[in-house]
Protein chains: 2
Amino acid sequence: MLPINLKEKFELFDEYWSPKILGEFNGQLIKIAKLKGEFVWHAHENEDELFYIVKGELEMRYRDNSVTLKAGDMHIVPKAAEHFPVAEKECWVMLIEPVGTAHTGDVVTERTKNEDQQEWI
Amino acid sequence: MLPINLKEKFELFDEYWSPKILGEFNGQLIKIAKLKGEFVWHAHENEDELFYIVKGELEMRYRDNSVTLKAGDMHIVPKAAEHFPVAEKECWVMLIEPVGTAHTGDVVTERTKNEDQQEWI
């Protein structure tokens, strides 16, 4: 029932590319993550992913275009779209995706942290 | 594909208690609204509602308690919980709820603006 303050939650951890779970509603999980550098090309076959940029800048590359997101921007990565997130400097994002969404979608790498490795904070 | 900038979208309208739709993902609609004053007691039988406060302050009253939300706070109103939003001064919120969620849930008043009256911006 308490308010969930986004910035306070971001102060609780430092790791990059390691989503933390804040809440669940309608089968969707609200997560936050700190991003820096390049991630991996991947797609989520059946799940859209909502991104909201809290701090910094994120480039979302697609196979045929890309979009640059700044603090205060939202963006939906459509299901099945191959995407590659890149943050030149540290970037804080909130993301919302369905329970059970695989972190790196259709690929598995050493960067993969699926839901059983994502802690609630 | 373009970024959706929350603050720019808020500058496009002035009415209170009149949600505008920004996007859809996984059967959920992303909406923004300006709130001021008291709304109406209502509940959504089957839908959780996510609130994120962009500016100002919102008090969410429940029948047996209440929570005060400030800019940067999130809060989930659980399905079937009767709630009564109050904003003493103008408050800007983003909310996410399933497609088809009734604005004032189980009650209909002159304040009710269901999805067919909610425009995309």
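What rotation superposes chain A on chain B? Keep in mind that you are looking at a predicted model. Select both chains: turning by 180°, with 0.0 Å of shift along the axis, puts chain A onto chain B at an RMSD of 0.0 Å. The two copies are therefore related as by a two-fold rotation axis.

**Stop 1: chain A by itself**

Walking along the sequence, the order in chain A is β-α-β-β-β-β-β-β-β. The radius of gyration of chain A is 13 Å, close to the 14 Å that the globule rule gives for 121 residues, so chain A is as compact as a globular protein of that length. Its C-alpha trace spans about 40 × 30 × 25 Å along the principal axes. Of the 121 residues in chain A, 32% count as buried. Look also at who meets whom: among contacts in chain A with a separation of 6 or more, 65% are between residues 24 or more positions apart.

**Stop 2: His83(A)**

Now select His83(A), which sits in strand β8 (residues 83-98) of chain A. Is His83(A) buried or exposed? It has 22 C-beta neighbours inside 10 Å, and the cut-off for buried is 20 or more, so His83(A) counts as buried. Leaving aside residues up to four places away in sequence, show what His83(A) touches: Ala43(A), Met60(A), Arg61(A), Tyr62(A) and Val77(A).

**Stop 3: where the chains meet**

Bring chain B back. The contact draws 25 residues from chain A and 25 residues from chain B. On the chain A side, β1 (4-5), α1 (6-10), β2 (20-25), β3 (28-38), β6 (66-70) and β7 (73-77) each supply at least two residues. The most come from β7(A), with four residues. Colour that side of chain A by class and you get 14 nonpolar, seven polar and four charged residues.

Which residue of β1(B) is the bridge partner of Met74(A)? Zoom in on Ile4(B), for that is the partner. Around that pair, β7(A) and strand β1 (residues 4-5) of chain B run antiparallel, paired over two bridges.

Last, highlight the interface residues in both chains. Of those in chain A, 100% are also interface residues in chain B, so the copies meet through the same surface.

Conventions
Residues are numbered from 1 along each chain as its sequence is written. Chains are lettered from A and ligands numbered from 1 in the order in which they are written. This is a predicted model: local features need pLDDT of at least 70, side-chain atom pairs count only at pLDDT 80 or more; totals for chains, interfaces and linings use all residues. Two residues are in contact if their C-beta atoms, placed from the backbone, lie within 7 Å. Ala, Val, Leu, Ile, Met, Phe, Trp, Tyr, Cys and Pro count as nonpolar, Asp, Glu, Lys and Arg as charged, and the others, Gly among them, as polar. Two strands pair if DSSP finds at least two bridges between them. Copies are superposed by least squares on the C-alpha atoms of residues with pLDDT of at least 70 in both. A residue is buried if 20 or more other C-beta atoms lie within 10 Å of its own, exposed if 12 or fewer, and partly exposed in between; C-beta atoms are placed from the backbone. The radius of gyration is taken over C-alpha atoms; the globule rule is 2.2 Å times the number of residues to the power 0.38.
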